[in-house]
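Okay everyone, thanks for coming. Let me put it up on the screen.

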Amino acid sequence: MTAVFRAERISTAHVLSETRELVHPALREAVAGLHPWLAEMAAYSFGWCEGADAGGKGVRPALAVLGARAAGADAGAGVPGAVAVELVHAFSLLHDDIMDGDATRRGRPALWKAYGTGPAVLAGDALFALAVGILADVPGGVRLLSGALADVMRGQADDLLFASRPWTGPEAVTPEEYRVMAEGKTGALLGCSLALGALLGGAPQPVVAALDRAGRHAGVAFQLADDVLGIWGRPDTTGKPVGGDLREGKKTYPVLTALAAPEGARLRDLLRRHRTAEAAALIEAAGGRAAALSEARAHMAAARTLLDGLPLEPGAAAELGTLLDALADRER
């Protein structure tokens, strides 16, 4: 049964739930068309083999559906875009786990640990090819997706290169470089989700482009919130060990801003010695946590300003604003 999206403002959980009801049958149908072994691995990555969905919350598909509705179309118009971005997101996670050496994802062995590195790479490639095929007959659809993916890869490349750069000096990572990385790695696909939905919903190009920019701002806010959780989040809600980002030496926004403070020299020493609890306390005292949250709020305000200036369907616009706000409201 097709989900019916009501015009009044409803909760983020309801929006995500109704998106799943609308999108998942089409997603399962698309995956079923793969080679049986590839379909099996895809099903594992989505959690379907356990009879449940071990994937994420489904924010990107929801943005695609809301993008179509915001353009004045029926929710179903955004489904091809929703399926495509969900496939691409899954593809990126499979490859991220391999690059980062992450053995688990959401409490289960990562695909590369369960099936092997080569098969996991192949499964990711299959999901990517499937996403492109879904948009092949959508004028401008593949161009939107390929442009976003190029930005994702640039952001991922920068993020990997950041690890080898020094904490201080002329080669140190700057907050502005971080923002560019976050927009590519995280924001590009969120912006693409909104833009694809709007494109499928018949929105004019200026609206499609503005929604893309709004999604990118929201993506930076999402990454900033994730950085805060990576240092101060609770393991029972984040699924990550306390101080994991600090032990790995990740150059996240709170760390970068704290390093520029007078406490920077002591922080570098604590990070070198893996004194994560002390480092976290020092980063907070130096203003790193507050700076990250302030930057996240600024990007959400920019996204809101873009939305407010567009001729969007009011009910969908309200739900979209609620969903985007929830991306950055993740401090706990």
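**Two helix pairs**

Let's start with H3, residues 59-70, and H4: their axes come within 8 Å and cross at roughly 155°. Angles over 145 degrees count as roughly antiparallel, so H3 and H4 are roughly antiparallel to each other. If you look at the handedness, the crossing of H3 and H4 is right-handed. One thing to keep in mind as we go: this is a predicted model.

So who touches whom here? On the H3 side we've got Arg60, Pro61, Ala64 and Val65, and they meet Gly81, Ala82, Val85, Glu86 and His89 in H4. Sort the residues of that contact by type and you get five nonpolar, two polar and two charged.

Okay, now stay on H4, which covers residues 79-100, and bring in H7, residues 141-162. How do H4 and H7 run, roughly parallel or roughly antiparallel to each other? The axes of H4 and H7 come within 13 Å and cross at roughly 20°. Anything under 35 degrees counts as roughly parallel, so that's what we call H4 and H7. H4 passes H7 in a right-handed crossing.

For the contact itself, H4 brings Val88, Phe91, Asp96, Met99 and Asp100, while H7 brings Leu145, Leu149, Met153, Gln156 and Leu160. By type, the residues in the contact of H4 with H7 come out as seven nonpolar, one polar and two charged.

That's my tour, so over to you for questions.

Key: Residues numbered from 1 in each chain as written. Predicted model: local features only at pLDDT ≥ 70, side-chain atom pairs only at ≥ 80, totals over all residues. Heavy atoms only, no water. Axes fitted to C-alpha atoms, helices over the stretch in contact; angles between N-to-C directions. Helix = DSSP H or I, 4+ residues; strand = E, 2+ residues; numbered from the N terminus. Parallel < 35°, antiparallel > 145°, perpendicular 65-115°, else oblique. Left-handed = near helix turned anticlockwise from the far one by under 90°. Contact = heavy atoms within 4.5 Å. Nonpolar A, V, L, I, M, F, W, Y, C, P; charged D, E, K, R; others polar.
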